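Trainee: I would like to learn how to read strands, sheets and domains in a model. Please go through them one feature at a time.

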Amino acid sequence: MSALAEDAAPADLWYLAALSSEVKPGAMERKLFFGEPVVLGRTKSGEAFAMKDVCPHRAAPLSGGRIVEEGEPAVECPYHGWRFATKSGACSLIPALPSYAQFDAAKIKVRRYPLHEANGLIWIYWAADGREAPPACEPPETGLPADWRPRITVRVGAEGPFDETVIGLVDPAHTPFVHRQWWWREGAGLKDKTKTFEPTPLGFKMPAHRPSSNSRIYKFFGGAPTTEIEFRLPGVRLETIRLGKRTVLGLTAMTPTEDGKTDIVHVIFWDIALLTLLHPIAQKMTESFLGQDGAILRAQNENLARAAHRPLYVGDPDEPAKWYVRLKRAWMARDASAPFVNPIAGGTLHWRT
Ligand code: FES
Ligand SMILES: [Fe+2]
């Protein structure tokens, strides 16, 4: 599968690059996004940066070097010590050149990627053509107070086309079958659901509503919780549960790492003391939940890799999948000189889960 495949991840969007806590001051890490090596680092003063992890000189990985902070912070290549400013990507030193060589090193640049860091999450903007252009959209926002950090993090590596991974996130009908644990659904069977959706700038959402009575996990919160579920391009799902003044927010983000591989990261934020007490249990529950998604995607991909297959979407339960496909196509075919027009009108869907 090539990066140009129809079911590959779309560009000109923000992807979750890492958790803030994974990128330590003065340290760098090599990552793959869209199959491309990227060095993700942080200066000692705390500013995160991302550059192509390929030295323009002779392709050594910059991530194997070090961050030098003599004046402008720069990354020093491990091979011949060329330095690249973290702010601009411009070459600031070629150590082997005598000073009389009169060469303007700053003409050499390594590609930089815009980052957005908020609530303990680092988002990377992935442009289609490698140009450093202003981002075509806003990064995802949690709407949470600035000092909130994820309390739970689970990462699962999924295999298969990016689209299938994302559709597994918006598809309601798999839930009672893939996620059969006692704390999620009672064994007693499916219930009729009616869900209303409205469009958002880059996706669609179910506005705050009372969760289904057969979802046990919500009963745990007691009282009368409401839940709002939003999906936005490229593959970000936000579920906000409100209980009076208290909030639990689950964020799932899909990031293509290399051909046919996608990282699914799920983080949960909350300000409920009881949940903090139950943290180890909540962590385990989240791991098993996401692991189930990973397992079915892997099994599905075993087949997709071997058998030509066109998906068969039937009725309202598959409507969000179709919306995603339409949304992504519209984004990829958009007129970059005009505001994006979301083709999804929303509406009311009926299904049994
Ligand atoms: S390869 Fe990076 S300095 Fe030579
Ligand atoms: Fe799932």
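Trainee: Which residues are on the two sides of E10, and are they buried or exposed?

Mentor: In a regular strand the side chains alternate between the two faces of the sheet. In this predicted model, Leu121, Trp123 and Tyr125 lie on one side of E10 and Ile122, Ile124 and Trp126 on the other, and all are buried. Buried means that 20 or more other C-beta atoms lie within 10 Å of the residue's own, exposed 12 or fewer, partly exposed in between, with C-beta atoms placed from the backbone.

Trainee: What do the labels and numbers rest on?

Mentor: Residues are numbered from 1 along each chain as its sequence is written, and chains are lettered from A and ligands numbered from 1 in the order in which they are written. As the model is predicted, local features need pLDDT of at least 70 and side-chain atom pairs count only at pLDDT 80 or more, while totals for chains, interfaces and linings use all residues. Strands (E, at least two residues) and helices (H or I, at least four) are DSSP runs, numbered from the N terminus.

Trainee: Which strands pair with E10?

Mentor: Two strands pair if DSSP finds at least two bridges between them. E1 pairs with E10 in the antiparallel sense over 6 bridges, and leucine 13 stands opposite tryptophan 126. Strand E9 (residues 115–118) is also antiparallel to E10, over 4 bridges, with alanine 118 opposite leucine 121. E9 and E10 form a hairpin with 2 residues between them, and asparagine 119 in the turn has a positive phi of about 50 degrees.

Trainee: How is the protein divided into domains?

Mentor: Domain bounds come from an automatic or database domain assignment. Here they give domain 1 (13–126) and domain 2 (152–352). Their contact takes 8 residues from domain 1 and 10 residues from domain 2, where contact means C-beta atoms, placed from the backbone, within 7 Å. On the domain 1 side, E1 gives the most, with 4 residues.

Trainee: In what order do the strands of the open sheet run, and which stand at the edges?

Mentor: The order of the 8 strands is E11-E17-E16-E15-E14-E13-E12-E18, with antiparallel pairing. Strand E11 (152–159) and strand E18 (347–352) stand at the edges with a single partner strand each, so one side of each is left without a neighbour in the sheet. Within this sheet, E15 (residues 236–243) and E16 (residues 246–258) pair over 8 bridges.

Methods:
Two residues are in contact if their C-beta atoms, placed from the backbone, lie within 7 Å.
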